[in-house]
Every structure is written in structure tokens, then in C-alpha cells.
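Please view the sequence and the structure together.

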Amino acid sequence: RGCSEEAIEFFFQMQLEGIKPDKITFVSILNACISLEMLTLGKQAHAYIIDGGVEMDEDVGHALVNMYRRCESIEDARQIFDKMPERNAFLWTAIITAYAQHGQGKEALQLFQQMQEEGVNPDKVTFVTILDACAGLAALAQGKQVHAYLVDNGLESDIVVGTALISMYGRCGSIDDSRTVFDEMCERNVITWNAMIAAYAQHGHGKEALELFQQMKIKGLSPDEITLASVLCACSHSGLVDEGRCCFRSISDDLSIAPTIKHCNCMVDLFGRAGLLNEAEDFIRTMPIQPNAITWMSLLGSCRVHVCVDLGKHAAEQALELDPQSAPVFVVLSNIYAA
């Protein structure tokens, strides 16, 4: 961040001394605006770019689209994209990513289709982005079309693309397709294993997630925080309380990983779903890090399911102390009283 601030200071010093920036300078200053997430400065730089007559340069246009995307100004990014006389795969990917990352998956898919119609070949990053958009929309049919395109172009064996396919199928509810892609991959890294375990966890296949977790360790891969959160989530959704306890103990005892708040919240959810509300409360009191509002909301939700008014009231009080503006707390609490 400090270097980005210095870069901006030097840029304005250039203006004061009458030195004309070139396109490399503009690209650098736009990247600095991205680092600082400062849209106002980015727009000032854009004005200088227009004055310098390089707005339509391919590299500068790409940097502008990225700057507006990262600063969450999608309309500005789209205006630049639409004005560009020539648009390469990098520029198409940047605007597709802008829409996909801001929950506008339909627009991302439309742009992907337009990209192909205009004869621009998508690259690996484009495919990963569009698969994420398909997953966000639960658009399984479109995801399968993208998969077919990847197969035709020999890209499905790429570890990054393959992992994106596993995640897409899992989020679209097609676990068998996820596992097929996983099994056919020649190379897998921790992220690949995490994607498959998360797919099982998301759909309550706890035993399969645990089996994969054990296979992962047998093959010599070290689970990370994400792996363990997915395994705990799988145990929670499948009612595997003892297995969840063992997994949580292994985080610090066997794997030398410090438990995170997400791990702890998974344990609260595990106990709560199983109706072990007192154990959930005891866990919160003794957990190695301070509980947050989500911790208490998880317990409150379990109190609603199991109609435990007193503990639910206590959980609501604790949640509101940490997040006084949380409307869902009042809704859930009222549902407990009404039960």
C-alpha cells in the first residue's frame, strides 16, 4: 500500500513538473489505484489518460477496465470495454470477471457467448471465471456446455480448470460429475482436493468427505484451513458428531494448525444440529478464540429448531452485543417464543 501511495505522489509530481506520462506510466498508476481501491483517484487518472490520447490503447484500456472492476464501478468498466476498437482475450476476460464477481452471472454468460461469436478464443482464466458464473447461477446446462468446449480444446486436464469444473458441478448439485472430473485428473493439488471435499460437504455426504480427507493425508498432502472447515461442515450436515470432534482435535494436535473462528463456528453448528445445545454452549465458553456474532447466531438457530427458549434468549443477547443492528436475531428469537 505504501508503494502505491508513493507512486501516486510521483505521478502528480510529474504533472507539476510538466513531464508527459506515457502509457506505461498510466498503466502503473491505474494499478496503484487498484491497490488502494480509490475510485476517485482512478477517475482522475482516467481524465489524464483521455487528455493524453491513449484511452483506446489496448494495454491502457485493459488497465482501466480492471481498475473500475476492482473499484466496483461496473458501469464505467463496461463503457470503456464497449468503446475499445479492438478487444483481445485479456480484455474480454476482465469484463466477464467484473460481472461474474459482482453477482451478475447472466451478463457474464452473455458476454462469454458474444466473445466466441466475435472469434476471440477464451483462455484458461476466462474459463475459470465463466465456470464460477455458472456455479453462481446453478446453471448446470451451461456449465456442461463449457465443459464440452474444454474437452474439445484439450483443456480439461489443466489442474486449475479441472478444479473449477469440480467446484462448478458441486455447487450445481451434480456430485457424480464432480467426482468423475476429480477421478480423471492426472494431477491434483490441495485446492483440488478441497473442492471435492467441499462438494460432498455442501450436499451432506459426510462419510464420503471424510473418506476423501483420509485419502488426501495418505497421499502425503497437508490439509489446510479450508480443508478442515469443509470436513467439519460435512460432519455437521451429516450428524457425524464424534468424527467432527476428532477432526477438530486433530487441527492443533496432529496438523499444527491454529483453529480459526470458522472452524469453531462449524463445531457450534455441529453440536447444535445434533441437539447437543449444552455442549454447544460449553464449547463457546472454552473455544480458543473469542466468539463472534455468527457463533451466537448459530446457537440461536439451533435453539429455534430444538425450542430452547432460555438458551435462545441468552444467545440472542450475546449476538446483539456483538452486532446490535442484526435484524435476524429478533426474527429467530420471536420464532422461538412463538413455537
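Which residues does Ser-230 touch, not counting residues up to four places away in sequence? Ser-230 touches Asn-194, Ile-197, Ala-198 and Ala-201, where contact means heavy atoms within 4.5 Å. Ser-230 is found in helix H14 (residues 225–238), and counts as buried because its relative accessibility is 11%, buried meaning under 20% relative accessible area with a 1.4 Å probe and protein chains only.

The model is predicted: local features need pLDDT of at least 70 and side-chain atom pairs pLDDT 80 or more, while totals for chains, interfaces and linings use all residues. Residues are numbered from 1 along each chain as its sequence is written, and side-chain values use heavy atoms, leaving out hydrogens and water.

Helices are DSSP runs (H or I, at least four residues), numbered from the N terminus.

| Feature of H8 | Value |
|---|---|
| Residues | 124–137, 14 residues |

The expected span is 1.5 Å times one less than the number of residues. Among the buried residues of H8 are Phe-127, Ile-130 and Leu-131; the buried residues pack against helices H6 (89–101), H7 (105–117), H9 (140–152) and H10 (159–171). After H8 comes Ala-138, with a positive phi near 55°.

The axes of H10 and helix H12 (residues 190–202), lines fitted to C-alpha atoms over the stretch in contact, come within 9 Å and cross at roughly 5°. The two helices H10 and H12 are therefore roughly parallel, a term for angles under 35 degrees.

Methods
Buried means under 20% relative accessible area, exposed over 50%, partly exposed in between (1.4 Å probe, protein chains only). Axes are lines fitted to C-alpha atoms, for helices over the stretch in contact, and angles run from 0 to 180 degrees between N-to-C directions. Angles under 35 degrees count as roughly parallel, over 145 as roughly antiparallel, 65 to 115 as roughly perpendicular and the rest as oblique.
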